[in-house]
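Subject: Structure for you to look at

Hi,

Here is the structure I promised to pass on. Please open it alongside this note, and read on for what turned up.

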Amino acid sequence: MRLMFLGTAAAEGIPSLFCKCECCKKSRIMKGKNIRKRSALLINDDLIIDMGPDLLYSAQQYNLSLNKLKYILVTHAHFDHFYPENLEIRSERYQKKNFPIIEILGNSSVFLKLSQMGYNDDELYIHRNELIMYKKYNFGKYIVIPIPANHAHEFGMAANYIIKFENRTILYATDTGKYKEKWIKQLKDVVFDAIILDGTNIFSETSENHLNIDGIIGMKNKLINNKNTHEKTKFICTHFSHGNLPLHDQLCEMSSRYNLIMAYDGMEIKL
């Protein structure tokens, strides 16, 4: 299983358009791993989690064609996670070519946003799968199980995803605040090779909808105590906001004692 982080920022991106905070000012100068696009994760070359407004640039930057894409998992309808105009490029208005059908998993808010473009699914070569929490979806070689995230309640609640591929299993757990105890209990008997956590407010004040370092460590310990990990499980943080965020190298240094991996745009991990 190959994980490629196409973007690792929260909604505003880093540096943010109109911002003069220290993070954004320094990121403009230092560039490199300090430049962060809106969050998206590509698994192998045929499944993607979220597709926000930076998807085209990610594909250009990393020399990717998404012509092998078969599955899209959408966490929620916020614009940085689902920008449906990406799919409009599959219509005959832009390319007169038949595409293979892409399976999309999302909730009703996601599909309302998709419908508002005015295309039917046949015109975009897509098939909708209505998201039901804890339901098992079989997408080719993948088993996908959506679970509740403490985020986007105004859009019917965001989803996090358990994804199993061959003998590897990951948890994609961003955007979310701390899991409720009853949600943790639902994960009993699932052992993850990688757990990707929300790092939005990592070294700043947080909210119920996101995590800072205390929330991240709390989530990590809960999952360890719930026996969801093994000795080689990777804990990865992504979806960073610019507020009080240090430059990437300093971020890694500040978090090193917690045994966490700090994701950056273009980072690849093989499990």
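What covers the buried residues of α7? The cover includes β10 (168–173), α6 (181–186), β11 (194–198) and β12 (234–238). Keep in mind that this is a predicted model.

**Helix α7**

Start with the helix itself. α7 has 13 residues, 213–225. At 1.5 Å a residue it should span 18 Å, and its end C-alpha atoms are 18 Å apart, so the two agree.

Which residues of α7 are buried? They are Ile213, Gly215, Ile216, Met219, Lys220 and Leu223. These residues cover an arc of only 165° around the axis, so they sit on the same side of α7. Note that a lysine, Lys220, is in that buried set. The face turned away from the buried side carries Asp214 and Asn225, which are exposed.

Now the two ends. At the start of α7, a side-chain oxygen of Asn212 comes to within 3.2 Å of the backbone nitrogen of Asp214. Just after the helix, Lys227 has a positive phi of about 65°.

**The seven-stranded sheet**

Next, the sheet. Seven strands make up an open sheet with mixed pairing. The order is β6-β5-β4-β3-β2-β1-β14. At the edges are β6 (126–130) and β14 (268–270), each pairing on one side only. From one strand to the next, the twist averages 20°.

You can walk across part of the sheet, pair by pair:

- β3 (residues 47–49) and β4 (residues 71–73) run parallel, joined by three bridges. Ile49 stands opposite Leu73 of β4.
- β4 and β5 also run parallel, again with three bridges. Here Leu73 faces Leu105 in β5 as its opposite residue.
- β5 and β6 are parallel too, with five bridges between them. Gly106 stands opposite Glu130 in β6.

Is β5 mostly covered or mostly open? It is mostly covered, with four of its five residues buried. Helix α4 (residues 108–115) packs on the sheet and touches β5 (102–106) and β6. The direction of α4 makes about 150° with that of β6.

**Two loop residues**

Thr174 lies in the loop between β10 and α6. Its relative accessibility is 0%, so Thr174 counts as buried. The Thr174 side chain makes a polar contact with the side chain of Asp198, at 3.2 Å. Beyond residues up to four places away in sequence, Thr174 touches Thr75, Asn160, Ile196, Leu197, Asp198, Thr238 and His239.

Met133 is in the loop between β6 and β7 (137–139). How exposed is Met133? Its relative accessible area is 25%, so Met133 is partly exposed. With neighbours within four places in sequence left aside, Met133 is in contact with Pro146, Ile147, Pro148, Ala158 and Ala159. Take Ala158 from that list. Met133 and Ala158 are 25 residues apart along the chain, and their C-alpha atoms are separated by 10 Å.

Best wishes

Note on methods: Residues are numbered from 1 along each chain as its sequence is written. This is a predicted model: local features need pLDDT of at least 70, side-chain atom pairs count only at pLDDT 80 or more; totals for chains, interfaces and linings use all residues. Side-chain values use heavy atoms; hydrogens and water are left out. The expected span of a helix is 1.5 Å times one less than its number of residues. Buried means under 20% relative accessible area, exposed over 50%, partly exposed in between (1.4 Å probe, protein chains only). The arc is that of the directions from the helix axis to the C-beta atoms. Contact means heavy atoms within 4.5 Å. A polar contact is a pair of N or O atoms within 3.5 Å; within protein, one must be able to donate a hydrogen and the other to accept it, and residues adjacent in sequence count only if both atoms are side-chain atoms. Two strands pair if DSSP finds at least two bridges between them. Axes are lines fitted to C-alpha atoms, for helices over the stretch in contact, and angles run from 0 to 180 degrees between N-to-C directions.
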